[in-house]
Amino acid sequence: KSDSPTKWWSRWEVMEQLLTHFGGVLPFLEENQDIAPRLSDHLWAILTDEEDKKRLIMELAAVVDAGQPFVKATYSLEGDGLLIFHAYSTLQALATAAAQRHYPNVTAQATALGATPEEVAALRAMSVNGIQPGINHFLHKFNVQFYNTVRAFRSAHLACAITVEGLNPTPHQVTDLRLFPFLDDDGIIASLQNELPAYLAEADGVQIECGNELQWWMAHRQQLPHWSAAAKRLSLVQPSSAAAE
């Protein structure tokens, strides 16, 4: 697979392929010595030095492990559709994965490369410590810098008939919808709070496919006029953009 400057995750994809087929890199360089000679010489120097080679493998493993949940989240949030109703669960899953520090490739490579338990532990620690600042940076943004943005995405779940039953929201939680400027109105919030019991009753046991939320709201616009109107406006919010991807 080839790299593409138009998609930020493509470099991760190349690194994943490189880690998977690492054993074929040196033979490739031997067979293609005329391709990018300066880069080839640099790679040759790394791959023929056992310590440098170990570090490169461990760094690749760390990037692949740490990047996988970010790539998965990007796929989930790219494109069109009613992404706003499910963005928070995607972001929360990403934050959970980042905090759990689950690095299977790092563990496997350290075990394969380490001659002793102490060396295995040192290799793993080196890899994890190298990527931890980036993970910490993301978690700070998620939990602190962009806290209100994350709260807004969470509140948008209230307008999804599929998930609202599990959330069992209170009238107070409805006020978080004020984070969307077009819902930041005393009259709108009061109407949504008053209509909340009827909404929860209608959504009880609902079975619809993701992507069909607006059809459900269309069918219930008479019974739930205020929530139906809010859901339609929320559906226009896109949590991702082509420029960011």
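## Charged partners

A salt bridge is a side-chain nitrogen of Lys or Arg within 4 Å of a carboxyl oxygen of Asp or Glu. The model you are looking at is predicted, and a search through the whole of it finds five salt bridges.

Let's stay with Arg178 for a moment. Its relative accessibility is 28%, so Arg178 counts as partly exposed. Asp186 has a relative accessible area of 57%, which makes Asp186 exposed. Asp184 joins in as well: Arg178, Asp184 and Asp186 are linked in a network of salt bridges.

Now find Lys54, whose side chain meets that of Glu119 in a salt bridge (2.6 Å, N to O). This pair links distant parts of the chain: Lys54 lies in helix 4, Glu119 lies in helix 7 (residues 117-145), and they are 65 residues apart. Is Lys54 buried or exposed? With 15% relative accessibility, Lys54 counts as buried, because buried means under 20%. Glu119, at 23%, counts as partly exposed.

## Aromatic rings in pairs

A pair of aromatic rings is described by the distance of the centres and the angle of the planes. The whole structure holds seven aromatic pairs. In one of them, the rings of Phe180 and Phe182 have centres 5.7 Å apart and planes at 35°, so this pair is tilted. Phe180 is buried, with 6% relative accessibility, whereas Phe182 is partly exposed, with 23%.

Trp216 and Trp217 form an aromatic pair of the edge-to-face kind, with 4.9 Å from centre to centre and 85° between the planes. Trp216 and Trp217 are both buried. Which residues form one aromatic cluster with them? Tyr199 and Trp227 do, together with Trp216 and Trp217.

Notes
Residues are numbered from 1 along each chain as its sequence is written. This is a predicted model: local features need pLDDT of at least 70, side-chain atom pairs count only at pLDDT 80 or more; totals for chains, interfaces and linings use all residues. Side-chain values use heavy atoms; hydrogens and water are left out. Helices (H or I, at least four residues) and strands (E, at least two) are DSSP runs, numbered from the N terminus. Buried means under 20% relative accessible area, exposed over 50%, partly exposed in between (1.4 Å probe, protein chains only). Rings of Phe, Tyr and Trp (its six-membered ring) pair if their centres lie within 6.5 Å; planes under 30 degrees apart count as stacked, over 60 as edge-to-face and the rest as tilted.
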